[in-house]
Amino acid sequence: MYKRQTVGYRVRGDTRVSKHTRIEVVTEGVLARMLSADATLDGYAAVLFDEFHERSLHADLGLALVLETQQVRDDLRVLVMSATLDGEAVAQLLADVRGPAPVVRSSGRMFPITTHHRAPRSDERMEAATSRVVRDALAECEGDVLVFLPGMGEQRRTAERLAGSVPPTVDVYVLHGSMPLDEQEAALAPAPAGRRKVVLSTSVAETSLTVEGVRVVVDAGWSRIPRYDAVAGLTRLHTVRVSRASADQRRGRAGRTAPGVCYRLWDVHEEHGFLAASRPEIIDAELSSLALELADAGIADPAQLRWLDVPRPGPFLQARQLLAQLGALDAQGRITPHGKRMAALPLQPRLAHLVLHAQTRGQLPLGAAIAALLEERDVVRAEGAGGAPADLRLRTELLQRGGDGGALSMYGARADRDAVRRVKQGADDLVRRIDGGARLQPWDDAETGALLALAFPDRVAQRRAGAEPRYLLRNGSGAVLRKGDSLHDAPYLAVAELEGQPPEYRIARAAPLTLDEIRDDFGEQIARESVVAWDERSRSVKALERSMLGAITLEEKPQREPDAEAVRSTLLEQLARVGVSAWPWRESVQRLRERLAFAHAHDAAWPDVSDAALVSSRGEWLGPFLDGARTWGHLEQIDWHEALAGLVPWNQRAALDRLAPTHLDVPSGSRIALDYSDPMAPVLAVKLQEVFGWTTTPMLFDGRVPVTLHLLSPAQRPVQVTRDLAGFWKSSYFEVRKEMRGRYPRHPWPDDPLTAEATRRAKPRGT
């Protein structure tokens, strides 16, 4: 016969075992720490995992570590119990040399349950539909009603709708994991004789708790679960559809003691889109706790263990990087003495790091208070729609005042006294655990921000310029405080909790931080860099010396003597950015470029001066001319003509003048500029009277390319465009002469233009 104390337990912060203990009930997190302390589990014959279908992160970790222990202890027995999990998959995971583990199924006793589907109307909110169906259930069925809702907000709003609309003999309770124990017990206890109850619950009542007297279940069909965003480095709550397995678990609560009824707030055809089972936490969770516990067990790569779902490599690597930043892992990825102390605390790694540093600084009470506050739901409740103030110091002050939240009224908020009491007890437990039984003492809040930054180094934030309280986080994310928040003028913040979605998160809990505190605690992580960049406002190169903490610029000052090559490169980058058409060169340079383009078009040996070619080679032909240049004005003053001409070797420049001359001498004695804007058809625009006597079209490029003649009237308008001057004199000239001589009688229009004297002047008046 068993003696008293045969069954003991270990939970975070409390242990009840003795020499008489034969069965220990432990949490999954405690099991992982037991395995880190003794990987062989010496003294234990078997490990039983109950409710494994919930697939918590620590359950998966605990099973993986126990299976590793079995490699050295073949006498250790493992039993996995689950209501909905795929037993065959677990059996394969537990397989040994004898094959898969046996699967034992027990159908249990379940009373029949009638299921009704009552989908909300298209314009009906969840709370309205739920309260309506609850009233129907009370009228149509016997027994108490268990209602499944995703979270506390929906619980509160549904309770408000039910108040005064249910019979006076019906009591309405809420049930969630962060409630005080006495309130949970009231919700779980049987209703007194002659009364009924409605329990508005989260998924906490799905499997872990039994609500006495329930014969009706109303399921809204949603659940709120944490999911880790590896890009943002944050865990956020997401409201998702329940899985079919969860819906069946909820439905089953109606048939525990008698025939029951289940009302489902969705159409039956929607169930085809439900997941078969809830996603395991290990897929979506932040993995720093798991990574620390594995490191404490001497395991760097989770692939060494057997898992139902192996931790994803990306989030796991990010978790180890965070642990290294917190000093829990050394350069080789092994756990440090500091990491060992972190793993021994019943806290997530960030908060364990905070508390241990607080102890080193003589601020253990404050560190314990901060950790306890962040482990629990916020102790400050917003009265209005604006949200609670973000300043964490308001919370630590609440703990010191025992929940007196009078000062919160000015912020439109109030204190949750029960939560304050629970958090203060948690802080006291932490102090006693760390400091050999010492009790929680009063503290100074001055270092709240500095300690918080140690836990959340990636969320050190700097206020952006402007009137709005917008911040840039060290990790590059944006965040904003609610308008009117007491922290809105703080130049730096240590942010513990963010809400919402990108591009700007809402800062929910934070504390002010000083630049000196950042330098003291993160000095080794501050990067000093020289920055040479183009400043569009001054249209010049700015050279700065900058101190950076991640994405945050802590200090910036002008650099007296910047690297000349960096300045040159910046100017060249700016020229590439604006494009060739915006370069500050004169018309003469453009004319040279057109001549070179003409030469290249007819002989590829000549340099390519297209936009793409000039940009890609700008460092070679333009770079040497940029010495001393810093501004756009300096660019305007450099010798662009000489720079561009440098593309042509000296011994070929004379050839360019021969092949593509700038001007042509015409019979009148004028020297007329050629237009090479079309490299395939260079143009000479000249008055017709100035080319009398020219018998053939002039040629360029050693006689290979004819000039396109734009023969102009005395008014400088083209009267003929031709590449065949001889043909023009024979035919078209006479039509032009007939039309033009009456209009311009003072200009010669000879019968024989080939023998006439070329002129650029008109006849004197009266002749």
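**Setting values against definitions**

Visitor: Which residues of α14 meet which residues of α15?
Guide: Leu398, Leu399 and Gln400 of α14 meet Val420, Val423 and Lys424 of α15, a contact being a pair of heavy atoms within 4.5 Å. Sorted by class, the contact of α14 with α15 has four nonpolar, one polar and one charged residues, where Ala, Val, Leu, Ile, Met, Phe, Trp, Tyr, Cys and Pro count as nonpolar, Asp, Glu, Lys and Arg as charged, and the others, Gly among them, as polar. This is a predicted model, in which local features need pLDDT of at least 70 and side-chain atom pairs count only at pLDDT 80 or more, while totals for chains, interfaces and linings use all residues. Residues are numbered from 1 along each chain as its sequence is written, and side-chain values use heavy atoms, with hydrogens and water left out.

Visitor: Why are α14 and α15 called roughly perpendicular to each other?
Guide: The axes of α14 and helix α15 (residues 417–434) come within 9 Å and cross at roughly 85 degrees, the axes being lines fitted to C-alpha atoms over the stretch in contact, with angles that run from 0 to 180 degrees between N-to-C directions. Angles under 35 degrees count as roughly parallel, over 145 as roughly antiparallel, 65 to 115 as roughly perpendicular and the rest as oblique. The pair α14 and α15 is therefore described as roughly perpendicular.

Visitor: What makes α4 oblique to α5?
Guide: Helix α4 (residues 126–140) and helix α5 (residues 152–162) have axes 9 Å apart and pack at an angle of about 50 degrees. That angle makes α4 oblique to α5. In passing α5, α4 makes a right-handed crossing, the word being used if the near helix is turned clockwise from the far one by less than a right angle, and left-handed if anticlockwise. On the α4 side, Met126, Glu127, Ala128, Thr130, Ser131, Val134 and Arg135 meet Glu154, Arg157, Thr158, Arg161 and Leu162 in α5. These contact residues divide into four nonpolar, three polar and five charged.

Visitor: How do you know that the buried residues of α11 line one face of the helix?
Guide: In helix α11 (residues 337–344), His338, Gly339, Met342 and Ala343 are buried. Viewed down the axis of α11, these buried residues fall within an arc of 135 degrees, so they line one face, the arc being that of the directions from the helix axis to the C-beta atoms. An α-helix has 3.6 residues a turn, so residues three or four places apart point the same way. What covers the buried residues of α11 includes α1 (28–37), α9 (288–296) and α12 (349–360).

Visitor: Why is helix α16 called mostly covered?
Guide: Eight of the eight residues of α16 (residues 448–455) are buried, among them Thr448, Gly449 and Leu451.

Visitor: What makes phenylalanine 701 stand out in its phi?
Guide: Phenylalanine 701 has a positive phi of about 55 degrees although it is not a glycine. Most residues other than glycine have a negative phi. Phenylalanine 701 lies in the loop between β27 (699–700) and β28 (705–706), and with a relative accessible area of 1% it is buried.

Visitor: Why do serine 713 and glutamine 716 receive the accessibility classes they do?
Guide: Serine 713 lies in the loop between β29 (708–712) and β30 (718–722) and, at 3% relative accessibility, counts as buried. Glutamine 716 is found in the loop between β29 and β30, but its 48% relative accessibility makes it partly exposed. The phi of glutamine 716 is near 65 degrees, a positive value in a residue other than glycine.

Visitor: How do you know which class valine 25 belongs to, buried, partly exposed or exposed?
Guide: Valine 25, found in strand β3 (residues 23–26), has 49% relative accessibility and therefore counts as partly exposed. The C-alpha atoms of valine 25 and tyrosine 9 are separated by 4.5 Å, although the two are 16 residues apart along the chain.

Definitions and conventions: Buried means under 20% relative accessible area, exposed over 50%, partly exposed in between (1.4 Å probe, protein chains only). Helices (H or I, at least four residues) and strands (E, at least two) are DSSP runs, numbered from the N terminus.
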